[in-house]
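Trainee: Please take me through the labels used for this model. I would like to see what stands behind each one.

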Amino acid sequence: MRAKNPGRAKIFNRFRNRILRWELGIQPRHAIDRIERRFTFLKKKVLPKVIIAYFKLLTNSWHTGSRFRFLHGTKTTVCPFCKNGPDAIEHMPKCDIVRQLFQRFGCSCSCLIQFFALDQFSFPHKFVTKVKLLSVLFSVHNSINSTTTPMHVNHLINAAVSVILQ
Ligand SMILES: [Zn+2]
């Protein structure tokens, strides 16, 4: 980690293991470098809440059913968007509803590294859009109720339009 910004380096080091738990298909060192570069880029481009949602995603801090099952031994819950897969970050790049949302805004999302916007094609082109879409997923995921019907993608698109225009 470069000592350019010791405070930020300390934060990344603290969460390093959480970030590196993902199977991204790139060297851990490259993953950390890319993440650091992306957070520097995001400063002053998006609201703090968008940065926080992205940071929480990368550090596996979203309140998914699979994370709670790991922490508390509870039952697995289903994806709140499609109701057709586990409520887990690893499912999201495969989720029909999430994919439709990304496609609607011209963003690719077919594997975890693309979902995290850590692939080389997601930066800088489309990066801000992608991170805003992730923040929409984060807030909708947090506020979702326990209905059994899948969410219509338009619900997410409408939420995303207002965030993207901010
Ligand atoms: Zn899903």
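Trainee: Why is Lys126 called partly exposed?

Mentor: Count the C-beta atoms, placed from the backbone, that lie within 10 Å of the residue's own: 20 or more others make it buried, 12 or fewer make it exposed, and anything in between is partly exposed. Lys126 has 17 others, so it is partly exposed. Bear in mind that this is a predicted model, in which local features need a pLDDT of at least 70 and side-chain atom pairs count only at pLDDT 80 or more, while totals for chains, interfaces and linings use all residues. Residues are numbered from 1 along each chain as its sequence is written.

Trainee: What makes the phi of Lys126 worth a remark?

Mentor: Most residues other than glycine have a negative phi, and most peptide bonds are trans. The phi of Lys126 is positive, near 70°. Lys126 lies in the loop between H6 and H7, and Pro124 lies in that loop too. A cis peptide bond, with omega about -5°, joins Phe123 to Pro124.

Trainee: Which phi does Asn60 have, and where does Asn60 lie?

Mentor: Asn60 is not a glycine, yet its phi is positive, about 55°. Asn60 sits in the loop between H3 and H4. With 17 other C-beta atoms within 10 Å, Asn60 is therefore partly exposed.

Trainee: What makes a stretch count as a helix or a strand?

Mentor: Both are DSSP runs, numbered from the N terminus: a helix is H or I over at least four residues, and a strand is E over at least two. By that rule the protein chain has eight helices and zero strands.

Trainee: How do you know how confident the predictor is?

Mentor: Look at pLDDT, the predictor's confidence in each residue, from 0 to 100. The protein chain averages 87, and 90% of the residues score at least 70.

Trainee: Why are H3 and H7 described as they are, and at what angle do they cross?

Mentor: Axes are lines fitted to C-alpha atoms, for helices over the stretch in contact, and angles run from 0 to 180 degrees between N-to-C directions. Under 35 degrees counts as roughly parallel, over 145 as roughly antiparallel, 65 to 115 as roughly perpendicular, and the rest as oblique. The axes of H3 (residues 48-58) and H7 (residues 127-143) come within 9 Å and cross at roughly 80°. The two helices are therefore roughly perpendicular to each other.

Trainee: Which residues make the contact between H3 and H7?

Mentor: Two residues are in contact if their C-beta atoms, placed from the backbone, lie within 7 Å. From H3 the contact takes Lys49, Val50, Ala53, Tyr54, Lys56 and Leu57, and from H7 it takes Val131, Lys132, Leu134, Ser135 and Phe138. Ala, Val, Leu, Ile, Met, Phe, Trp, Tyr, Cys and Pro count as nonpolar, Asp, Glu, Lys and Arg as charged, and the others, Gly among them, as polar. That gives seven nonpolar, one polar and three charged residues.

Trainee: What makes a set of residues a nonpolar core?

Mentor: The members must be buried Ala, Val, Leu, Ile, Met, Phe, Trp, Tyr or Cys residues, joined through C-beta atoms within 7 Å. The largest such core has 29 residues, and Tyr54, Leu57, Val98, Leu101, Leu133 and Leu134 touch the most other members. H7 gives the most to this core, with six residues. Val98 touches Phe81, Met92, Cys109 and Leu137, leaving aside residues up to four places away in sequence.

Trainee: Which residues of H5 are buried, and what covers them?

Mentor: Ile97, Val98, Arg99, Leu101 and Phe102 are the buried ones in H5. Their cover includes H7 and H8.

Trainee: What does Leu42 touch?

Mentor: Leu42, found in helix H2, touches Ile51 and Val131, not counting residues up to four places away in sequence. Leu42 and Val131 are 89 residues apart along the chain, and their C-alpha atoms are separated by 9.0 Å.
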